[in-house]
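Please open the model in a viewer and keep the selection panel at hand. The stops below are meant to be followed in order.

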Number of protein chains: 2
Amino acid sequence: MKFGGTSVADLERIRRVARLVNAEREAGRQVAVVVSAMSGKTNELVAWTDGAGAAAPGLTPSDDEYDVVVASGEQVTAGLLAMTLRNMGVPARSWTGWQIPIIADDAHGRARIDEIDPTKLGAAMDGGEVAVIAGFQGVTRDGRIATLGRGGSDTSAVAIAAALGCGCDIYTDVDGVYTTDPRIESKARKLARISYEEMLEMASLGAKVLQTRSVELAMAYNVPLRVLSSFVEPGEAPGPGEDHLGTIVCDEEEIVEKRIVSGVAYSRDEAKISLFGLPDHPGVSSTIFGALADANVNVDMIVQSKARTADTANMEFTVGKRDAQRAVEIVRSVQPTVGFEDVQVNDDVAKVSVIGVGMRSHTGVAKSMFEALASKGVNIQVISTSEIKISVLIDAAYTELAVRALHAAYGLDQL
Amino acid sequence: MKFGGTSVADLERIRRVARLVNAEREAGRQVAVVVSAMSGKTNELVAWTDGAGAAAPGLTPSDDEYDVVVASGEQVTAGLLAMTLRNMGVPARSWTGWQIPIIADDAHGRARIDEIDPTKLGAAMDGGEVAVIAGFQGVTRDGRIATLGRGGSDTSAVAIAAALGCGCDIYTDVDGVYTTDPRIESKARKLARISYEEMLEMASLGAKVLQTRSVELAMAYNVPLRVLSSFVEPGEAPGPGEDHLGTIVCDEEEIVEKRIVSGVAYSRDEAKISLFGLPDHPGVSSTIFGALADANVNVDMIVQSKARTADTANMEFTVGKRDAQRAVEIVRSVQPTVGFEDVQVNDDVAKVSVIGVGMRSHTGVAKSMFEALASKGVNIQVISTSEIKISVLIDAAYTELAVRALHAAYGLDQL
């Protein structure tokens, strides 16, 4: 069981989590619980590290000390939940990353888990104890604290489940994975099951319900994942049309009801950079994208087109909003070498995507998408596709309209 | 160097601490720094553990989980100070209790340090790194976090100094040890030196500048202690009549200027329990004080006197204010066995003490004390003495008057 920051935001919520844990235990199961920091605490800690100059440029990196500070939030929650469980009469103890140990590499602030030794943890659980584990953290081979990056508690939970050979229930503030964001489309439906690959695309295309890396890990180790709500009391009856079963993330083969498209995702964290009047000869793209890659700017969609009148080309690509200004500066710095005429940036754009493993075997998905958007007067600026998704970049003002049009076009409200 | 909670209360103060550390380093010394949690943080964490039922009666004790939660505060400060030092160009790293390791016993919440292995710490310092150590914590032999109790960072600092074979500078919000509390007597003088034994009495009799256990430890391992202000910038010139040298706590032999009394301490955290009409036969005291000891109520001053008219005795003793009600209940519970007539409690009392190693060789100290108090009309309720101190219990309203009278009587304003 994994509980995020909003699920453990205060002592009252921690008590509810304890009741959910106890219900699992009373159903005869051994339980390991992974917890995040109390909502808001990580931000407080991160703000302090910023003030202490964690990210000060040109100085010795302090990422290892950042981890010392930030990992403390999860430690606090783990202690409080273990205490609360004991006071309900449930044997429990907390485990930090170094106590288990969860061995991580030394890429501080975004470390990857190398290895988990489940011996001590398993023995304690076999002895009847609930294991309450501080998420988001491991320990390096030389004994320093390493954190896994934002949302890393999901990854901790999946890795622990893989090490223990069990499934992983991710409790969160929504009751499952939806066909799209219910705040935009009230007809959004909860999916009973979704494949790892679809979930991975959903997560990386903007759906915030699970962290991308945790889904990758679950897929690699074949850990059955379930997403469900932490805001339910154990034993509480579901409302009409509801269930408390959440969404199961599993292998494609385990999904009986076939559908072509499983969901519509969107992201407003996009900016489009346009280059005009590029000389049309080899090496231009590699100079530009090489410079961006060296600066760790992640480029997403790319299109290039011949200019109408001259022997030059135009190019458009997208980056995350917060990288936009830096991307423009980098592009300008290679202007003398590359020799384009103009660069423009537009961050008033959004990316809308349809995702579904059914696309592999069905044609016509792109056509339906473009028709649905055209019928609402939504202009497509850039298109990118993969085996199981199609993404389009549009004017940000049309985001909700486009999401609802696509949701209806693929019959997702009929599931 | 050890810095308490008020000295690291925010990032600005942490930067000043970093400057003080750097000044030591630039003076050519290797530095280990022990830090407390940021002021207020420990209280926040303790309040959460209370809410989670850490102290819930009749249930499995959660003291080990209390430690997991509360020890996180010092970890945060250590990370932030290490970061700040690095950003000043000073090589530094943080150390938690388990990383050093500081081995403690498993009396969670009030653990004692068993052993410190200074090998790794010393090697890092020899390599030119400032060691920033999370105070107040150790790790048990089975790998759990243990805290040393309130004010335990002083103890951490002295123990680290003993392990490293160096002196220990305690930076605090006052600039040294005073003859008495300057908030009560403006003529209080800073002592250049004070003996371990005197400091121990001062601390246990109410002076809050150092924690009793840290002084005991310094005395046992002969660690030279110095108390000085953290609110001074490195290189800042002292004001008229001031110095930045603090107070040195050391062996009696190292103090040249001899004086009979070194300080006047007071404590308002006192309550007096009076028992009337006790049968005057053996075993009565042991029944009463045995019952109190079994309940962990710490009894301080005790007097017993024959009643004037009957074949019975009266008895008075003092306990800490927060134990008063419990003490009365315990005494009442043994009333059927002991058979006294009445019990009364008075928590409107204060203990005022004069302390000085000179009392060993000088007589008349008590006489001066009683005369000074009598001349101001202060009535003495209970007296207790040891080799180097005399304490009296008085009406709390006379506390300041008594402190000032005694300060003058022993010429402490003339030092």
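Predicted model: local features only at pLDDT ≥ 70, side-chain atom pairs only at ≥ 80, totals over all residues.

**Stop 1: the mixed sheet**

Select the strands of chain A that make up an open sheet of 8, arranged as β3-β6-β2-β1-β9-β11-β12-β10 with mixed pairing. At its edges stand β3 (92-95) and β10 (193-195) of chain A; each has a single partner strand, so one side of each lacks a neighbour in the sheet. Next, highlight β9 (168-172) and β11 (225-229) of chain A, a parallel pair joined over 5 bridges. Within this pair, Cys168(A) is found opposite Leu225(A).

**Stop 2: the antiparallel sheet**

Move on to the open sheet of 6 strands in chain A, whose order is β14-β15-β13-β16-β18-β17 and whose pairing is antiparallel. Its edge strands, β14 (299-306) and β17 (380-386) of chain A, each pair on one side only. From one strand to the next, the twist averages 25°.

Zoom in on β17(A) and β18 (389-395) of chain A, which run antiparallel and are joined by 6 bridges. Here Ser384(A) faces Ser391(A) of β18(A). Then select helix α10 (324-333) of chain A: the helix lies across β13 (263-279), β15 (312-319) and β16 (342-355) of chain A, and runs at about 130° to β16(A).

**Stop 3: the nonpolar core**

Which residues have the most contacts inside the largest nonpolar core? Select Val33, Leu81 and Val132 in chain A and in chain B; the core to which they belong has 243 residues. It draws at least three residues from each of domain 1 (2-252) and domain 2 (264-414) of chain B.

Centre the view on Leu81(A). Beyond its neighbours within four places in sequence, Leu81(A) contacts Val8(A), Ile14(A), Val17(A), Ala18(A), Val33(A), Val35(A) and Val132(A).

**Stop 4: where the chains meet**

Finally, display both chains: 31 residues of chain A are in contact with 31 residues of chain B. On the chain A side, α1 (11-26), α2 (41-51), α3 (63-70) and α4 (72-87) each supply at least two residues. The largest share, 11 residues, comes from α4(A). Coloured by residue class, the chain A side that touches chain B divides into 16 nonpolar, 13 polar and 2 charged residues.

Methods:
Residues numbered from 1 in each chain as written. Chains lettered and ligands numbered in written order. Core = buried A, V, L, I, M, F, W, Y, C linked by C-beta atoms within 7 Å. Buried ≥ 20, exposed ≤ 12 C-beta atoms within 10 Å, placed from the backbone. Domains from an automatic or database assignment. Contact = placed C-beta atoms within 7 Å. Helix = DSSP H or I, 4+ residues; strand = E, 2+ residues; numbered from the N terminus. Nonpolar A, V, L, I, M, F, W, Y, C, P; charged D, E, K, R; others polar. Pairing = 2+ DSSP bridges. Axes fitted to C-alpha atoms, helices over the stretch in contact; angles between N-to-C directions.
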